[in-house]
Structure formats: C-alpha cells, structure tokens
Amino acid sequence: MEISRRKQLLAEYANRKPEMGIISLVCEATGDVFLGTSNDTKASLNGLRFKLETGSHPNRSLRELWQQYGEAGFTLSVVEVLDYEDAKADYTQELEEMLEQHLEENKEARRIWK
C-alpha cells in the first residue's frame, strides 16, 4: 500500500464519528434483556458476539443463556443512539444516564457488563 494512501486511511479513521448509544441483547426464549453503553455500537456488538461465542464474556448468566440458545436465540440491537458533535469528547456520563433511564423503564433488564 502506498504511504500516502495509508496516511489518508488513518486520517479518515481518526476523524470518523462512530455511532454511540445503548445496545441490547434479548434472549427470545426466556425474555431476558441485557443492556449496555457503547462508544461504537457496531464494534461493541461484534465484540460481544466474539466473547460470547468463545465463552469468555464476564457476565455468567448472559454467557450461559448464549451457550444454551446460541446466537439465533438472541436479538442484538441498538436501542438508542446518542446525538453528539465532537467525536474526541468523552460522553461516558451521557451514555450512563441513558442506560440508567432504560434500566428504570425496564426493571427486568440487566447490565451486559457488570
């Protein structure tokens, strides 16, 4: 790859604006709902799939449900997207507030990451 093309791709990646928000995993068989925050929803969902497939996710109850029902038994989705301007700013507080609101609305829901 040419150096100029590589620099261009790196600059594009550094300046991208990933989708931030609340992600959800729902076990269709049991109705269990797991919610979490994400600074990059697509990357987080892919990472969750990988950790659950390899049995390395730290949430034991989610891991056990995944082992029993597999990916086909779950619906993975983005519940809410954060509207933001500066991709380099820290939006942890806003994401946590969004998550708390969703957990309040659905008392049965649990956090993806404990």
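Let me start with contacts, meaning heavy atoms within 4.5 Å. Among contacts in this protein between residues at least 6 apart in sequence, 61% join residues at least 24 apart.

A word on the source. This is a predicted model, so local features need pLDDT of at least 70, side-chain atom pairs count only at pLDDT 80 or more, and totals for chains, interfaces and linings use all residues. Numbering starts from 1 along each chain as its sequence is written, and side-chain values use heavy atoms, with hydrogens and water left out.

Now the overall layout. The protein has four helices and four strands. These are DSSP runs, numbered from the N terminus: helices are H or I with at least four residues, strands are E with at least two. From the N terminus on, the order reads α-β-β-α-α-β-α-β. The C-alpha trace spans about 50 × 30 × 20 Å along its principal axes.

Next, surface. The protein exposes about 7,400 Å², by the Shrake-Rupley method with a 1.4 Å probe; for residues, only the protein chains shown count as cover. Carbon and sulfur atoms supply 48% of that area. Of the 114 residues, 32% are buried. Buried means under 20% relative accessible area, exposed means over 50%, and partly exposed is in between, with a 1.4 Å probe and protein chains only.

On to the sheet. It is open, has four strands, and runs β3-β1-β2-β4 with mixed pairing. Two strands pair if DSSP finds at least two bridges between them. The edges are β3, residues 74-81, and β4, residues 110-111; each pairs on one side only. As a reminder, strands of a sheet pair through backbone hydrogen bonds, either parallel or antiparallel.

Look at β1, residues 21-27. With β2, residues 33-38, β1 pairs in the antiparallel sense over six bridges. With β3, β1 is also antiparallel, over seven bridges. S24 shows both sides: S24 stands opposite L35 in β2, and opposite S77 in β3. I23 has G36 as its bridge partner in β2. The β1-β2 hairpin has five residues between the strands, and there G31 takes a positive phi near 85°. How many of the seven residues of β1 are buried? Six, so the strand is mostly covered.

What lies across the sheet strands β1, β2 and β3? Helix α2, residues 41-53, running at about 35° to β1. For that angle, axes are lines fitted to C-alpha atoms, for helices over the stretch in contact, and angles run from 0 to 180 degrees between N-to-C directions.

D40 counts as buried because its relative accessible area is 18%. Leaving aside neighbours within four places in sequence, D40 is in contact with R16, P18 and E19.

Now the cores. A nonpolar core is a set of buried Ala, Val, Leu, Ile, Met, Phe, Trp, Tyr and Cys residues joined through side-chain atoms within 4.5 Å. The largest has 13 residues, and L25, L62, F74 and I112 have the most contacts inside it. β1, α2, α3 (60-69) and β3 each supply at least two residues of this core. Apart from it lies another core of 12 residues, among them M20, L82, M98 and A109. In general, nonpolar side chains tend to be buried together in soluble globular proteins.

Take I112. Not counting residues up to four places away in sequence, I112 touches I23, L25, F34, L35, G36, L48, H57, N59 and L62.

That list brings us to H57, found in the loop between α2 and α3. Is H57 buried or exposed? Buried, because its relative accessibility is 0%. The H57 side chain reaches the backbone nitrogen of N59 at 3.0 Å. That is a polar contact: a pair of N or O atoms within 3.5 Å; within protein, one must be able to donate a hydrogen and the other to accept it, and residues adjacent in sequence count only if both atoms are side-chain atoms. Beyond four places in sequence, H57 touches L48, K51, L52, L62, R63, I112 and W113.

Last stop, Q8, in helix α1, residues 3-14. At 39% relative accessibility, Q8 counts as partly exposed. The side chains of Q8 and R5 are joined by a polar contact of 3.2 Å. Q8 and H57 are 49 residues apart along the chain, and their C-alpha atoms are separated by 35 Å.
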